[in-house]
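Hi everyone, thanks for making time this morning. I'd like to walk you through a few local details of one model, so please have the viewer open and follow along.

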Amino acid sequence: MAEFTTDVLIVGTGPAGSAAAALLSTYGIDNMVVNYYRWLANTPRAHITNLRTMEVLRDLGKEVEQEAYLHATDQDLIGGTVFCESLTGEEIGRVPSWGAHPLSRAERQLSSPTKMNDLPQTFMEPLLFKTACSRGTEARMSTEYLDHTETEDGVITRCRDRLSGEEFVVKSKYLIGADGGNSKVARNAGLPFEGQMGVRGSMNIWFRADLSEFVAHRPAVLYPIMQPGAEVGGIGMGLIRMVRPWNEWLIVWGYDINEPTPVVDQARATEVARQLVGKPDLEIELLGTSTWTVNNMYATRMQNGRVFCMGDATHRHPPSGGLGSNTSIQDAFNLAWKLAAVIKGQAGDALLDTYTAERAPVAKQIVTRANQSIADFARLYSALGIDESNEPEVMQANMHARSQSTKAAELQRDAIREALAYKRYELDAHGVEMNQRYRSSAAVTDGQEEPAFPRDRELYYQPTTWAGARLPHAWIFDARGRQLSTLDLAGHGRFTLFTGLGGEAWVEAAKQVGEALGLKIDVHVIGPRQGYSDHTGDWARIREVSDSGAVLVRPDHHVAWRSASLPGNPQEELRRVMRAVLAR
């Protein structure tokens, strides 16, 4: 039996696995990735790409970020979710989404150097996979993971080449399971889960058809369709999703999970498309169909010994809110630098325990949020008078009643507006995307209280340099006046320390501590006549420390520690904190 050796073996080439491989290779860590299939995503499943994920791509390199934008649908074309009876039928209402509302867009522009976009998984996966392989990842497609055995100093994983049928073994220091919602790695590792699989059934119909005459004037990614009695989605709720404007689409509709999985052929797919579009003679080019289940399950522990899981393997939920691939890629960003630090001998093994401490709460949060977004449709159904206990004719009459000039209809219109506005928690929840604050030994607060959220923490991002929070974005300027984000100066696999005039002693402290610990700590003194200047004052307003203080940032952009001012012995303070963070 053939044997291969690597530092990290990754099972799965989805957004999580490919991101982990790309990051590890960028950090100089040998890794191998295996994929059961012969190629990458064959359907455009995940698509909404949020700011935090784009920041990870930017950290991999501006060229990676720019290629993502090249293939993505721009924010201006994705942001007004249109609720209607069909694409040709009456419109019920719209919800500005993904930063489409001017106030929401301003909040996003202030919070990140990147832009929201729609990048289908069929484009995201090849981008991450290519980045990984071009930087050193060894990839094997058509390869099945069978099982693994953990040893004292590594993991022995048994795989099968699906083309030849031959088995081989990979000996690695660590194993990452990024093998999706039915993860064999998670099952074999004995990870504990809470929740339920298979709550509902859904089917995707992927097709081409030029629908620009119905949508180009009201661009959006999502067109929820309300058709009581249409036998689509149980009570007549279907979804038309733009894949590429305006000729590639994905229809999502439900089926009774207690019944046999439906088979959709060209005739049935065309019938459903005609029904939801509202064009009886519509002809479609069917690209594919697939079935999936709505799940409500998350791992309460994301690792066991030398085995780690991420992505859909640990958080299994519906696509509501576009949280799936985004959270998966961010899982990889959290774990990759920690594995690199331990493998290079810069950190103790206990640093790896912070992966679960930091990411398991996120898994629970986004699974809960995504399923709640489905439940929130009940408000709209109620306002429209849609109740599956009623006959279709009654539900249709209830919906049409909103157009009457009566007091009851006025109240119904108010209720519809309120129900649609509440969908912002699904469609424009900037806080859910950006407010992740870690609590672990890798974020040293020194007893500082976590700042409160003055506004709704799901809807609004609250910037802070409190240890565990993501480093706030602010534009600063180099000696030639070119602007860079604070995030551009951090990350890239290194620790970074920000200070100002009066804090120059931190430079020598970082040099001495870095040399003692065997790693490099970047230092940026921001101020007049320094390498970088805060011409707008935005960094000073957001940093929450004095000029002589310091903000220490981890390779994943999260704050490791901060000091309000220059202490008596900055070198000792920084050594104390770095040893704590690195579990030394």
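Let's begin with Cys-133, which counts as partly exposed because its relative accessibility is 30%. Keep in mind as we go that this is a predicted model. Does Cys-133 have a partner, or is it in no disulfide? A search of the whole structure turns up zero disulfides. Cys-133 is in no disulfide, and the nearest cysteine sulfur belongs to Cys-159, 16 Å away. Now click on Cys-309, which is likewise in no disulfide; here too the nearest cysteine sulfur is that of Cys-159, at 14 Å. With a relative accessibility of 0%, Cys-309 counts as buried, whereas Cys-133 is partly exposed.

Next, a helix pair. Please find helix 1, residues 15–26, and helix 5, residues 121–134. Their axes come within 8 Å and cross at roughly 25°. An angle under 35 degrees counts as roughly parallel, so helix 1 and helix 5 are roughly parallel to each other. If you turn the view, you can follow the handedness: helix 1 passes helix 5 in a left-handed crossing. Which residues meet there, from helix 1 and from helix 5? On the helix 1 side we have Pro-15, Ser-18, Ala-19, Ala-21, Ala-22 and Ser-25, and they meet Gln-121, Glu-125, Leu-128, Phe-129, Thr-131 and Ala-132 of helix 5.

Now for some backbone geometry. As a reminder, most residues other than glycine have a negative phi, and most peptide bonds are trans. With that in mind, look at the bond joining Pro-245 and Trp-246: this peptide bond is cis, with omega about -10°. Trp-246 sits in the loop between strand 14 (237–244) and strand 15 (248–255).

Two further residues deserve a look for their phi values. Asp-446 is not a glycine, yet its phi is positive, about 50°. You'll find Asp-446 in the loop between helix 15 (430–434) and strand 20 (475–478), and its 40% relative accessibility means that it counts as partly exposed. Then there is Glu-544, another residue other than glycine with a positive phi, near 65°. Glu-544 lies in the loop between helix 18 (538–542) and strand 25 (550–553). Is Glu-544 buried, partly exposed or exposed? Glu-544 counts as partly exposed, because its relative accessibility is 39%.

That's my tour, and I'm happy to go back to any of these views.

Methods
Residues numbered from 1 in each chain as written. Predicted model: local features only at pLDDT ≥ 70, side-chain atom pairs only at ≥ 80, totals over all residues. Heavy atoms only, no water. Axes fitted to C-alpha atoms, helices over the stretch in contact; angles between N-to-C directions. Helix = DSSP H or I, 4+ residues; strand = E, 2+ residues; numbered from the N terminus. Parallel < 35°, antiparallel > 145°, perpendicular 65-115°, else oblique. Left-handed = near helix turned anticlockwise from the far one by under 90°. Contact = heavy atoms within 4.5 Å. Disulfide = S-S within 2.5 Å. Buried < 20%, exposed > 50% of the residue type's maximum accessible area, 1.4 Å probe, protein only.
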